Amino acid sequence: MKRALITGITGQDGSYLAEFLLGKGYEVHGIKRRASSFNTQRIDHIYEDPHEPNPKLKLHYGDLSDSSNLIRLMSEIRPDEVYNLAAQSHVAVSFEAPEYTADVDGLGTLRLLEAIRFLGMEKTTRFYQASTSELYGKVLETPQTETTPFHPRSPYAVAKMYAYWICVNYREAYGLYACNGILFNHESPRRGETFVTRKITRGLANIAQGLEDCLYMGNISSLRDWGHAKDYVRMQWMMLQQESPDDFVIATGKQYSVREFIRWSAEELGMTLEFRGEGIEEHAVVTDVTGGDVPSVTPGDVVMRIDPQYFRPAEVETLLGDSSKAKTLLGWEPEITAREMCAEMVASDLLTARRHALLKEHGYALPVAVE
Ligand code: NDP
Ligand code: GDR
């Protein structure tokens, strides 16, 4: 039985990857952070009582900023495969907390690689690094491939660039089996609530159910290549099954604007939107309501406005990936389109919003968190 260690197991990708590896018969170990409240919601459904004999999923407290913790866990677990998914992964937040982001996203990767080397496991342990399309930043070539030059545009991207190169370096210097997956944006109903797609699907579902009035957005002209997290974690595993390590771009090859994603989400709920005005005056007006899922919205309502607080000091305006290498060498292709994913996310957030609305109607509602 193979043993895997996932850092960031409580995040979006970590939860899907854990499910995937358990399905393949792996023993899965995950690092979770100590928090003042429970932070395992995304993996509670696969959690196994440690008192049961031979649980296949084991969680350990740890943090990528703590070398001694990582060395101890690595020596106790002795994993065949390490998936380094843990990160301060929010680009906008990295401008607010650049030093922390550099420590966790950049040096955290080095700490894991050093733990493997220090324990003499460089010939037995394979390493996956969650690299990112943010490395391309101010894009120098479209579409972006494994050979497109990097130009990072945020403290997050700069930290991830260090992580990318330290993986390449440990592969070249010590023969470590280390791969970079240069993943473009991928989403799902488990996406963190402050990333743009989830903010939109959750916000509009809440508006439809009368729990919020208006969605406040940043740069909605931004273009992204959005895939589904389930498709992308499959590729993370595939990368570590090759004979020799390599780096791969993972993308769908299709690009849409944030504005388009807002329009799709509204359509899924039965609302037709018209975007009016320009720049920070731009707003979305409901022109038609056709579905039965929007009891609280009527034509003429403004459901989206621009708030400059969500603009970034430096923006990545456009990203579009070419994953031909992954298709040719590994036979990987995405199965879920961005529009299908949007529909799945809206359906999931609408269910939650309906539950909330029902509680509100009966006087039991808790406040709905918004960003
Ligand atoms: P999430 O933000 O959903 O998950 C991040 C995970 O890292 C969480 O489990 C979080 O724990 C954990 N974490 C954060 N800081 C630390 C720390 N100091 N020590 C240990 N664990 C920590 O990210 P995703 O699942 O979306 O992404 C996974 C990885 O892939 C990240 O590295 C991200 O940067 C990268 N990536 C993501 C893309 C995407 O579109 N989703 C695209 C390209 C790359 P907690 O739950 O406690 O917060
Ligand atoms: P990104 O994802 O920065 O690409 O990083 P995010 O969803 O945060 O932003 C995508 C684009 O939407 C614009 N935008 C807004 N973004 C947020 N979060 N909130 C808003 O209100 C808003 N309005 C407009 C952004 O400016 C941006 O252009 C994600 C993360 O998962 C990274 O960890 C990962 O490396 C990259 O994807 C690939």
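**Exercise 1. Which residues of α8 are buried?**

*Solution.* The model is predicted, and the assignment below is computed from its coordinates.

Step 1. Locate the element: helix α8 covers residues 258-269, 12 residues in total. From its first C-alpha to its last it reaches 17 Å, close to the 16 Å expected at 1.5 Å a residue.

Step 2. Apply the criterion: a residue is buried if 20 or more other C-beta atoms lie within 10 Å of its own.

Step 3. List the residues that qualify: Val258, Phe261, Ile262, Arg263, Trp264, Ser265, Ala266, Glu268 and Leu269. With 9 of its 12 residues buried, α8 is mostly covered.

Step 4. Identify the packing partners. The buried residues of α8 pack against the helices α6 (196-208) and α10 (338-361), and against the strands β12 (256-257), β13 (271-276), β14 (283-289) and β15 (302-306).

Step 5. Examine what follows the helix: Gly270 comes after α8 and has a positive phi, near 95°.

**Exercise 2. Determine why Leu183 counts as buried, and describe its surroundings.**

*Solution.* 

Step 1. Count the neighbours. Leu183 counts as buried because 24 C-beta neighbours lie inside 10 Å, and the threshold is 20 or more.

Step 2. Name the contacts. Leaving aside residues up to four places away in sequence, Leu183 touches Ala130, Ser131, Thr132, Ser133, Tyr232 and Ile250.

Step 3. Asp247 is 64 residues apart from Leu183 in sequence, and their C-alpha atoms are separated by 10 Å.

**Exercise 3. Describe the nonpolar cores and the contacts of Phe127.**

*Solution.* 

Step 1. Begin with the largest core, which has 65 residues. Ile6, Ala18, Phe127 and Ile250 have the most contacts inside it. Helix α5 (residues 155-174) gives the largest share of this core, 10 residues.

Step 2. Turn to Phe127. Not counting residues up to four places away in sequence, its contacts are Val82, Asn84, Leu113, Ile116, Cys167, Leu176, Tyr177 and Ala178.

Step 3. Note the second, separate core: it has 32 residues, among them Met217, Trp226, Met304 and Ala338.

**Exercise 4. Characterise the shells around ligand 1 and ligand 2.**

*Solution.* 

Step 1. Around ligand 1 there are 26 residues, of which Gly8, Gly11, Ala86, Ala87 and Ala130 come nearest. By class, 9 are nonpolar, 14 polar and 3 charged.

Step 2. Assign elements to this shell. Both α1 (12-23) and β5 (126-132) supply at least two residues, and the largest share, 3 residues, comes from α1.

Step 3. Around ligand 2 there are 23 residues, the closest being Val91, Thr132, Val196, Gly218 and Ser222. This shell has 10 nonpolar, 8 polar and 5 charged residues. At least two residues each are supplied by α3 (91-96) and α6.

**Exercise 5. What radius of gyration does the protein chain have, and what would a compact globule have?**

*Solution.* 

Step 1. For 371 residues, a compact globule would have a radius of gyration near 21 Å. The protein chain has 21 Å, which agrees.

Step 2. Along the principal axes, the C-alpha trace spans about 65 × 50 × 40 Å.

Step 3. Of the 371 residues, 45% count as buried. Among contacts with a separation of 6 or more, 74% join residues 24 or more positions apart.

Notes: Residues numbered from 1 in each chain as written. Chains lettered and ligands numbered in written order. Predicted model: local features only at pLDDT ≥ 70, side-chain atom pairs only at ≥ 80, totals over all residues. Rg over C-alpha atoms; globule rule 2.2 N^0.38 Å. Contact = placed C-beta atoms within 7 Å. Near = placed C-beta within 6 Å. Helix = DSSP H or I, 4+ residues; strand = E, 2+ residues; numbered from the N terminus. Nonpolar A, V, L, I, M, F, W, Y, C, P; charged D, E, K, R; others polar. Core = buried A, V, L, I, M, F, W, Y, C linked by C-beta atoms within 7 Å. Expected span 1.5 Å × (residues − 1).
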